[in-house]
There are 2 protein chains.
Amino acid sequence: MDRRQEIMEAAAKSFSLFGYKATTMDQVAKIANVGKGTIYTFFSNKEELFNAIVLKMIEEMRAVSESAMVEGASFEQNAHTLLIQMLKFRKTHLLYAKLIDEEKELRTPAVIEVLAEIEGEIVSYIKAKIERAIAKGELKQCDSELVAYLLFKAYMALVVDWGKTHNGELSEERIAGLLGGTIFTSLLA
Amino acid sequence: MDRRQEIMEAAAKSFSLFGYKATTMDQVAKIANVGKGTIYTFFSNKEELFNAIVLKMIEEMRAVSESAMVEGASFEQNAHTLLIQMLKFRKTHLLYAKLIDEEKELRTPAVIEVLAEIEGEIVSYIKAKIERAIAKGELKQCDSELVAYLLFKAYMALVVDWGKTHNGELSEERIAGLLGGTIFTSLLA
DNA sequence: TAGTTGACCGAAAGTGTATTTTGGTCATAA
DNA sequence: TTATGACCAAAATACACTTTCGGTCAACTA
């Protein structure tokens, strides 16, 4: 069997279940049925193993949202489903949810770093979509990085933050309505 | 002399200098030149004293941004200066800055609560401005609460958060340009 | 007698120290 | 060569002890 693969799976399981800090290398070794030293022949340390797992999750995320996109649809529709998908993933995916929890509760530096990296990845993914839409002539020229950032933050605010201070989450339609009427329309060519 | 006033001033000074947690009631009493018991004849506990100080700061904030508004100017111009003013205050005001720091470093519950309250206050202030602009016919009908929330979060993201991940802060003009071209224009009647 | 005070109290936070856990190594084994 | 787990230093934890702090109230003033 592929030992590297088994280690990755064991680590993913443990990180998802217990978080980064509470996952010990001994535990990963035990779950993977390998000696602890074996892990270090594939990954130079705990953090690198962690990064490898997270990288895999990012790919998974990209695949999920890519599959949710519709070929002929407008930029607005696709960007909306893309972002909603991402934030749904954020809440649903066991590892992602666990990491968010750990960031809030434990403030583990490695976790904080990784989450920032994931968000950066999402933003640059949106940025690419914007640039493609501009190239296609669907959107007017704009600072794609800045707009991607703003879009991401807007969705985060409405989907994630709103519920913390107001009771009842915002419906997907209400969000689509608000942003469709404000940010999106103004981006059109 | 007004003992209540003296206590308030002493407390404001101490909270600004050392934060909520590191401020002791003994210290406030000493600075105010009163016995500790005297404080409790005006404020039922430390948290209420704190709330009183913060309430005063909120009024101060409101006054500052009110004075920065121009009577004849457009909603966009006034909302922009209002929000920029608020976020400048947030950084400049000794107490506010100290509380933000304490929230990040110590996570003091009383401080977290109070900061959330302040943000809520800012949002409802913007909300009122929006409603007035709608009544005046300057803006089209919209969910004022939601738009106020979105505006606040957008400014926070661009003014406060952007600098944490990208190097170099965004200039006021660039922010005005981005939001003027996106959110603001679409709100017009 | 209305207002002020600081000694006092229990609870909570802090401190120093013994003990355990954990990331990572490497001599040995397969 | 590759895999392993006993081993190590460093970090985390647990625990007992001390100090600090928010809040009270009997005594004290004016």
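1. In this predicted model, the secondary structure of chain A comes to 9 helices and 0 strands, and the pattern read along the sequence is accordingly written α-α-α-α-α-α-α-α-α. The C-alpha trace of chain A spans about 60 × 40 × 25 Å when it is taken along its principal axes.

2. The domain assignment divides chain A into domain 1, residues 1-43, and domain 2, residues 50-187. To the contact between them, domain 1 of chain A contributes 11 residues and domain 2 of chain A likewise contributes 11 residues. The C-alpha centres of these two domains of chain A lie 30 Å apart.

3. On the side of domain 1 of chain A that touches domain 2 of chain A, the residues by class are 8 nonpolar, 2 polar and 1 charged. The count of salt bridges between the two domains of chain A is 0, while 2 residue pairs in polar contact are found across this interface, with both residues of each pair at pLDDT 80 or more.

4. A:Arg90 and A:Glu119 form a salt bridge, in which the closest N and O atoms are 3.9 Å apart. Over all chains, the count comes to 20 salt bridges.

5. For residues 24-43 of chain A, the UniProt record, an unreviewed entry, carries the annotation "DNA-binding region". In the model this span of chain A is 75% helix and 0% strand, and its end C-alpha atoms lie 14 Å apart. The label itself is taken from the record.

6. Turning to the two chains, the contact takes 26 residues from chain B and 26 residues from chain A. The area buried between chain B and chain A is about 2100 Å², of which 70% comes from carbon and sulfur atoms. Three residues, B:Leu146, B:Tyr149 and B:Leu150, supply 27% of the area that chain B buries against chain A, which is more than any other three residues supply.

7. The polar part of the interface between the chains can be described as follows. There are 4 salt bridges between chain B and chain A, and one salt bridge joins B:Lys153 to A:Asp161, with the closest N and O atoms 3.1 Å apart. Across the same interface of chain B and chain A, 12 residue pairs are in polar contact, both residues of each pair being at pLDDT 80 or more.

8. As to which elements build the side of chain B that touches chain A, those giving two or more residues are helix 8 (144-165) and helix 9 (172-187) of chain B. Helix 8 of chain B gives the most to this side, with 12 residues. By class, the residues on the side of chain B that touches chain A divide into 13 nonpolar, 6 polar and 7 charged.

Note on methods. Residues numbered from 1 in each chain as written. Chains lettered and ligands numbered in written order. Predicted model: local features only at pLDDT ≥ 70, side-chain atom pairs only at ≥ 80, totals over all residues. Heavy atoms only, no water. Domains from an automatic or database assignment. Contact = heavy atoms within 4.5 Å. Salt bridge = Lys/Arg side-chain N within 4 Å of Asp/Glu carboxyl O. Polar contact = N/O pair within 3.5 Å; in protein donor to acceptor, adjacent residues only side chain to side chain. Nonpolar A, V, L, I, M, F, W, Y, C, P; charged D, E, K, R; others polar. UniProt positions renumbered as here; feature names shortened; annotations may be inferred. Helix = DSSP H or I, 4+ residues; strand = E, 2+ residues; numbered from the N terminus. Buried area = accessible area lost by both parts, 1.4 Å probe.
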